[in-house]
Amino acid sequence: MDLELTQAQLDMQKLARDFAEKDLLPGVVERDEKGEFPLELFKKFGKTGAYGYPHAEAYGGLGGSYVGYALAVEEISKVDASFGIAFSVDTSLYGGSIVNSSAPDEIKKKFLAPIAYGEKIGSFGLTEHTAGSDAAGCKTVATQQEDGSWIINGSKCFNTNGPLADFTVIYSLTDPALGTKGMAAFVVEKGTPGFTVGKVENKMGIRCAQVSDMHLDNVHVPAENMIAPPGKGFQLAMKTLDGGRIGVAAQGLGIAEGAFEIARKYMMERQQFGKPICKQQYLAFKMAELQTKIEAARLLLYRAALAKDTGKPYSVPAAMAKLTCTNVAMEVTTEAVQMLGGNGFMKDYNVERMMRDAKITQIYEGTNEIQKLVISGPIFR
């Protein structure tokens, strides 16, 4: 397995790193305090084509690799995980829904090209208050009209980018009696009558990311906005989530690396008992263990992204990467807070924010318990 990065991937990595350090780092603490999303910065980064980086040029993307995309999310998330998940949802959940769908090429381009360069923002509507890990609990229903259009009624929750989104992919049942066997998927455009933003969540972590309920009250959707016909929506959602898990794994890895680097620098400067605390063997050995876990997580992430790029099965590799990277993020950030002592508990040092951000990575886009189901299934076949 060749994990040598190409020049194009290295260029994408550097682009994201420079943007994170120069544009995102200033003000990151204040944005977290206020729960404000840096919309203008999101649009600015979008002008590079980053949000369409892994998607085909025919659909308005850059025709890059998923490895390069994962590198970008990783670099962004070292500094601002809220921006990282907004990026990931835009590209892998919304964009992935479009690219993986059976929609005609012209429809894919219509709904993807404006996203690729940050002109529009996308979101992904699958989760409901009755349908989290169990998608069969979906209550949103689409009813076809005589002219072929659809009327959708229902609600979605925990919709990242929801309040900002110009386009939202809504997964809906077409016949409640069929459950997910009748699920379809539609692109619903902002401003469509009856499509409204509900409660905007006040969150423990990723506070800058905009997450809300989305309500659909007799929302009329034209036939061409259906990107997965009845019976194909569930498969589209699951395939898209596999790609999304690579994005969340990259987010988790970035959080871990960001916290690790803050702790490393602090330990070299902080003096106790007449020497830098990095000279305390216990702490040095703890950092060695964390560094090893970070590197192991990195290999799983890049392996999953490479499998997707090369057309190999990536569902299990993506689940392994998501499980490992997010668990490592939680462990590293918790240890970083401890290593900084009282300072680690203070907002100015960033690691307490990173610890709060890390927690959700173990939950969304399939809880880590669900990842174990994905991984264990093939073991016994």
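This is a predicted model: local features need pLDDT of at least 70, side-chain atom pairs count only at pLDDT 80 or more; totals for chains, interfaces and linings use all residues.

Q: How many disulfides does a search of the whole structure find?
A: As a general idea, a disulfide is a covalent bond between the sulfur atoms of two cysteines. In this structure, the search finds zero disulfides.

Q: Where is the kink in helix α5 centred?
A: The kink is centred on Val89, in a helix that covers residues 81-100, and it amounts to about 35°. At the start of α5, the backbone nitrogen of Ser82 has a side-chain oxygen of Asp80 within 3.1 Å.

Q: Is helix α5 largely enclosed or open, given how many of its residues are buried?
A: Helix α5 is largely enclosed by the rest of the structure, because 18 of its 20 residues are buried.

Q: How many salt bridges are there, and how should I read one?
A: The general idea is that side chains of opposite charge can pair when their charged atoms come close. The count here comes to 20 salt bridges. One of them joins the side chains of Arg298 and Glu74, with 3.0 Å from N to O. This pair links distant parts of the chain, since Arg298 lies in helix α8 (residues 281-309) and Glu74 in helix α4 (residues 66-79), 224 residues apart. Both Arg298 and Glu74 are buried.

Q: Why are Lys78 and Glu75 separated by about one helical turn?
A: An α-helix has 3.6 residues a turn, so residues three or four places apart point the same way. Lys78 and Glu75 are three residues apart in helix α4, which means that about one helical turn separates them. Their side chains meet in a salt bridge of 3.0 Å, N to O; Glu75 is buried at a relative accessible area of 3%, whereas Lys78, at 24%, is partly exposed.

Q: Which residue forms a salt bridge with Glu201?
A: The partner is Lys199, and the N to O distance is 3.5 Å. Lys199 is exposed, with a relative accessible area of 53%, while Glu201 counts as buried at 18%. Elsewhere, salt bridges that share partners join Asp32, Lys347, Glu352 and Arg356 into one network.

Terms used
Residues are numbered from 1 along each chain as its sequence is written. Side-chain values use heavy atoms; hydrogens and water are left out. A disulfide is a pair of cysteine sulfur atoms within 2.5 Å. The bend at a residue is the angle between axes fitted to the seven residues ending there and the seven starting there. Helices (H or I, at least four residues) and strands (E, at least two) are DSSP runs, numbered from the N terminus. Buried means under 20% relative accessible area, exposed over 50%, partly exposed in between (1.4 Å probe, protein chains only). A polar contact is a pair of N or O atoms within 3.5 Å; within protein, one must be able to donate a hydrogen and the other to accept it, and residues adjacent in sequence count only if both atoms are side-chain atoms. A salt bridge is a side-chain nitrogen of Lys or Arg within 4 Å of a carboxyl oxygen of Asp or Glu.
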